[in-house]
Amino acid sequence: LIFLMISNGYFLVHYMSKRGHRDHDYKFSIAKKLNFDEKQMAAYDSMKTAHFDNMKSLFKKNMGLKKAMYSKVSDENVTQSYLDSIGDLIAKGEKEKDIEMFKHFKKVRALCNDKQKEQLTKIINDAIKRRSMRRKHKKRD
């Protein structure tokens, strides 16, 4: 669960920039890091597009729910039942994003040769470490 949450956050930040994933030349690209060949790259590109479209949809859905919840902050009549319901919907959305990210990594892994699989594991572990370090720094602030 921690892996999914961390990887989800990491890739949302890197791939859902203001300019959009199709128009932006990323400093970080799994395909570049893994040195995919042409066949792997073609499979990855079509898979990546579907994944990002799905993640963007899930992200927007959850943002809408969060906006709806926080728009009630000045409402004196907000019930705990409302907060519980919308909180459950937000949690469900986060779960959907994490599962989508996990499935995406499984598909990427299926494209990899053995050496690339090792490198992918390192990339994921590094992302987890970086995310953990950011959280530690935020707690100090």
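In which helix do Asp45 and Lys48 both lie, and how many residues apart are they? Both of them lie in helix 3, three residues apart, which is about one turn of the helix. Please keep in mind, as we go through this together, that what we are looking at is a predicted model. Across the protein the pLDDT averages 83, and 74% of the residues score at least 70. Over residues 18–27, however, the pLDDT is below 50, although this stretch has 15 contacts in the model beyond near neighbours in sequence. Where pLDDT is low, the predicted coordinates should not be read in detail.

Let me turn to the helices. Helix 3 covers residues 38–70 and helix 4 covers residues 80–111, and their axes come within 10 Å and cross at roughly 170°, which means that helix 3 is roughly antiparallel to helix 4. Sorted by class, the contact of these two helices has 17 nonpolar, six polar and eight charged residues.

Now to the salt bridges, of which the structure holds four. Asp45 forms one with Lys48, with the closest N and O atoms 4.0 Å apart, and Asp45 counts as partly exposed at 31% relative accessibility. Another joins Lys66 to Glu94, with a closest N and O distance of 3.8 Å, and this pair links distant parts of the chain, since Lys66 is in helix 3 and Glu94 is in helix 4, 28 residues apart. Glu94 also forms a salt bridge with Lys97, where the closest N and O atoms are 3.0 Å apart, so that Lys66, Glu94 and Lys97 are linked in a network. Within it, Glu94 is partly exposed at 25% relative accessible area, whereas Lys97 is buried at 4%.

Methods
Residues numbered from 1 in each chain as written. Predicted model: local features only at pLDDT ≥ 70, side-chain atom pairs only at ≥ 80, totals over all residues. Heavy atoms only, no water. pLDDT = per-residue confidence, 0-100. Contact = heavy atoms within 4.5 Å. Axes fitted to C-alpha atoms, helices over the stretch in contact; angles between N-to-C directions. Helix = DSSP H or I, 4+ residues; strand = E, 2+ residues; numbered from the N terminus. Parallel < 35°, antiparallel > 145°, perpendicular 65-115°, else oblique. Nonpolar A, V, L, I, M, F, W, Y, C, P; charged D, E, K, R; others polar. Salt bridge = Lys/Arg side-chain N within 4 Å of Asp/Glu carboxyl O. Buried < 20%, exposed > 50% of the residue type's maximum accessible area, 1.4 Å probe, protein only.
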